[in-house]
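Welcome! Take a moment to look over the sequence and the 3D view, and then we will walk through them together.

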Amino acid sequence: MISCTLRLKYKPILSFLVATFLTFSAFAQGGEKADVSKEGVTAAAPAAPAAGADPALASAGDALFKNNCASCHALDEVVVGPALRGVTKRHSQAWLLNWVKNSSKMVQSGDKEAVKLFNDFNKQQMPSFAFSDDEIKSIMAYVESAPASAPGGGDKVAGTTPAGDDQVGAGVGNDVSRYMDMLLIVLVIVLIVMVITLLIIANVLTNYLKKNRELNEEDAEVLGHRFEVSKVLKSKVVRGLALAIFVVALLDLTLDKVLGVGIQQNYQPKQPIAFSHKLHAGDHKIDCNYCHTSVYKSKNANIPSANICMNCHSQIKKESAEIKKIYTAIEKNRPIEWVRIHNLPDLAYFNHSQHTKVGGVECQTCHGPIETMDVVYQYSPLTMGWCINCHRETPLNTQGNAYYDNLVKLHDSNNADAPFTVSSNGGTECSKCHY
Ligand code: HEC
Ligand code: HEC
Ligand code: HEC
Ligand code: HEC
Ligand code: HEC
Ligand code: HEC
């Protein structure tokens, strides 16, 4: 009899649970849909027709902007450089084309707008970009037409998302893992609410029965039972929920791992001494090569030994606690234990001098604006896709390199209009980077 009543009384709880789940799944799906449509807007970018922008042009500019400019620029706020929205109204198109191609040349030539900007931004130099006019125009089209909350307008992390294909991967990864986190939280809440509701109802029922009913022995015994944890644990619903939470938690962990295998972009460990590249390479303009002496000569860029620091710090800032750490290292004859930031897996071969000396690639192209970093972080994804993309796009630095003369002739006679890129010279062959 009682069990019958109880079953009846369970009904509201069950329907409550079902309702919660339904609400949740509707909510979750709604969230997903919202995301998709948001992306739709960004991709098509037909939004504000500010500069009469062509949507196709703007979406080409979107990718270029995110891969090359977003580390220093956002649309609506100052990051390293100025907020770019409205820039086509501040400068003529010809000026913008020249600026992006080589801003320092403009500053040196004494162009008033350029010099003022340069001074306003603490004489930080914007890198030069070997873009075509059309590419720069597409970036400007994107800058003027992108919706206000556009991704890429924002903090360092958003600005340095992996390039190209990887960006899509990372985006999906973040969404999935956010979704998982949400699911996990909701499941835990449901579980807690359920336990509480059960306890309250059991309590109310017990009291009610005790007061109002004449009970037979059997029922009285049931009623006399105290609340038992083991019973709750044995309940199918509770077990099911616990299992669900466990599975989601596990999936969440593995997904995070799988989606980010080996990619350590933005990795920024704490270093044993508060050494600042901004101070040394930025403010005091010490050449990279002064400390990383092997970077133009050999495969690896070395990390300077304490002796190099002593060239200056035997005199400068002797009283500083941070500098005393250098002295201690030298006294104890122990190297300073810098934490390594960039690290390719052993299966890949990378050579610095080939890129810096032979290829003429700037450190900043791969390492980002190191001279503005107080603490160095990994700017590029260092994935295979990243290496290969650049090899496809970058023309070989063949000038004054006799080794390439014949190759260039051969290439030009076969397909004259295609640029002679690293990949036309075999830079995307597996064996170049893997043996
Ligand atoms: C390493 C940081 C950095 C990167 C990357 C960078 N910029 Fe800049 N940019 C700056 C700084 C700093 C300034 C301010 C002027 C100065 O100090 O030279 C600037 C200024 C500008 C200006 C002038 C803005 C104004 O308000 O007048 C434009 C336009 C511009 N950048 C476009 C670009 C584009 C397009 C890209 C990508 C292709 C890009 N920048 C990438 C740092 C950067
Ligand atoms: C005064 C010496 C000094 C100068 C100048 C200097 N560096 Fe460094 N660099 C260091 C030291 C010390 C470390 C290790 C500690 C750290 O990561 O901050 C380091 C670390 C780095 C790393 C990270 C290495 C890793 O662990 O993966 C990069 C990349 C780097 N430097 C690039 C540059 C570039 C580019 C320049 C020039 C713009 C430069 N450095 C100028 C001393 C210097
Ligand atoms: C070419 C000269 C030079 C070299 C080499 C050099 N530094 Fe410096 N360092 C400076 C100057 C200049 C300052 C700024 C001093 C000031 O603010 O008065 C400085 C400041 C510092 C500071 C900040 C000290 C404080 O308490 O404000 C630290 C830490 C430091 N350096 C560590 C290092 C380390 C570690 C190395 C070796 C990897 C190194 N430096 C190599 C010139 C140098
Ligand atoms: C083409 C891209 C590229 C350029 C250009 C580049 N680096 Fe690197 N750098 C890398 C990669 C990739 C690694 C990781 C190498 C590894 O783990 O074997 C790295 C690692 C480093 C390290 C850590 C030590 C090491 O060799 O692993 C330092 C320091 C460094 N770079 C400094 C520089 C400096 C200074 C310049 C400019 C003179 C520069 N890099 C130019 C891609 C580049
Ligand atoms: C910013 C552009 C850029 C990036 C990023 C880049 N490279 Fe390169 N790489 C070049 C250029 C330019 C050359 C051609 C140098 C020359 O003139 O020989 C080159 C040449 C090479 C070569 C020699 C190819 C040949 O034909 O002999 C190898 C190997 C190589 N890169 C490996 C890598 C690896 C591994 C990575 C990623 C960790 C990488 N590169 C990332 C620009 C890049
Ligand atoms: C320009 C240099 C470059 C070229 C060319 C290149 N790779 Fe890679 N590859 C890398 C780098 C760097 C990594 C390590 C970074 C990573 O795991 O994404 C890598 C990683 C790999 C991995 C391991 C992936 C993992 O997750 O551990 C495989 C497999 C691979 N490459 C196969 C190939 C094949 C096959 C080719 C020829 C079609 C090729 N690579 C051409 C640079 C290159």
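**A walk through the model**

Asn401 sits in the loop between helix 19 and helix 20 (402-414). Helices here (H or I, at least four residues) and strands (E, at least two) are DSSP runs, numbered from the N terminus. Please keep in mind that this is a predicted model, in which local features need pLDDT of at least 70, side-chain atom pairs count only at pLDDT 80 or more, and totals for chains, interfaces and linings use all residues. Residues are numbered from 1 along each chain as its sequence is written, while chains are lettered from A and ligands numbered from 1 in the order in which they are written.

A residue counts as buried if 20 or more other C-beta atoms lie within 10 Å of its own, as exposed if 12 or fewer do, and as partly exposed in between, with C-beta atoms placed from the backbone. Asn401 is also 8.6 Å from Val358, C-alpha to C-alpha, although 43 residues separate the two in sequence.

Now step back to the whole protein. It has 21 helices and zero strands, and 15% of its 435 residues are buried. Two residues are in contact if their C-beta atoms, placed from the backbone, lie within 7 Å. Among contacts between residues at least 6 apart in sequence, 72% join residues at least 24 apart.

Next, the core. A nonpolar core is a set of buried Ala, Val, Leu, Ile, Met, Phe, Trp, Tyr and Cys residues joined through C-beta atoms within 7 Å. The largest one has 18 residues, and those touching the most other members are Phe65, Leu75, Ile139, Met140, Tyr142 and Val143. Helix 2 (55-69), helix 4 (93-101) and helix 7 (133-145) each give two or more residues to this core, with helix 7 providing the largest share, six residues. Beyond its neighbours within four places in sequence, Ile139 is in contact with Gly61, Leu64, Phe65 and Cys69.

Finally, visit two ligands. A residue is near a molecule if its C-beta atom, placed from the backbone, lies within 6 Å of it. Around ligand 5 there are 25 residues, and Phe350, Gly359, Cys387, Cys390 and Lys432 come nearest. Helix 19 supplies the largest share of this shell, four residues. Around ligand 3 there are 20 residues, with Phe275, Cys309, Cys312, Ser320 and Glu322 nearest. Helix 15 gives the most to that shell, with five residues.
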